[in-house]
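Dear colleague,

I am passing on the structure that we spoke about, and below it I set out what was found there. Please keep it open while you read.

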Amino acid sequence: MKRISIAGTKVGHLEGRVVEILVASDHALTGREVYEALDEPKRAYTTIMTVLGRLVDKGLVERTDSAGANRFSINGGLDRLAAKKIDRLLAASEDPRRVLTYFVDEIHDEALLEELAAIIERQRES
């Protein structure tokens, strides 16, 4: 089975499809709604709930309780997931400053560096 990467986390085909469904939705979905949105051969509902649980464990999906029903969402979309992954990587490092230095040293896009500097400046001003 081919695995894909979502925000730096390896997932299987079915996990990837579930993430796509959640990203495409403008609101949090129940497990049943995710199950019904799958356009491939139907799996057991319990399989979809297991996949959703695994995605929560991987930090790709958020689970909230709304009126007694679990709802699942991608908080902030794929870019936000990537940012959370970077945050977890920095937290796991012995020297986050060194990691950031290496990261910035690898950026060769002048426009991106300028945008990064502007973001840092805005953060300092707030």
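Is S73 buried or exposed? At 18% relative accessibility, S73 counts as buried, where buried means under 20% relative accessible area, exposed means over 50% and partly exposed lies in between, with a 1.4 Å probe and protein chains only. Before going further, please note that this is a predicted model, in which local features need pLDDT of at least 70 and side-chain atom pairs count only at pLDDT 80 or more, while totals for chains, interfaces and linings use all residues. Residues are numbered from 1 along each chain as its sequence is written, and side-chain values use heavy atoms, with hydrogens and water left out.

S73 belongs to strand β5, which covers residues 69-73; strands (E, at least two residues) and helices (H or I, at least four) are DSSP runs numbered from the N terminus. If neighbours within four places in sequence are left aside, S73 is in contact with L22, A28, L60, V61 and E62, contact being heavy atoms within 4.5 Å. Helix α1 itself has 12 residues and reaches 17 Å from its first C-alpha to its last, which is close to the 16 Å expected at 1.5 Å a residue, the expected span being 1.5 Å times one less than the number of residues.

Side chains of opposite charge can pair when their charged atoms come close. Seven salt bridges are found in a search of the whole structure, each being a side-chain nitrogen of Lys or Arg within 4 Å of a carboxyl oxygen of Asp or Glu. In one of them E15 meets K58, at 3.1 Å from N to O. Because E15 lies in helix α1 (residues 13-24) and K58 in the loop between α3 (45-57) and β4 (62-66), this pair ties together parts that are 43 residues apart in sequence. E15 is buried at 8% relative accessibility, whereas K58, at 27%, is partly exposed.

R17 takes part in a salt bridge with E20, at 2.5 Å from N to O, and these two residues are three apart within helix α1, about one turn of the helix. R17 counts as buried at 15% relative accessibility, and E20 as partly exposed at 45%. R17 also forms a salt bridge with D39, their closest N and O atoms being 3.0 Å apart. This second pair links distant parts of the chain, since D39 lies in the loop between α2 (31-37) and α3, 22 residues from R17 in helix α1. D39 is exposed, with a relative accessible area of 62%, and the shared partners join R17, E20 and D39 into one network.

One backbone detail deserves a look. Most residues other than glycine have a negative phi. A67, however, has a positive phi, near 55°; A67 is found in the loop between β4 and β5 and counts as exposed at 87% relative accessibility.

With kind regards
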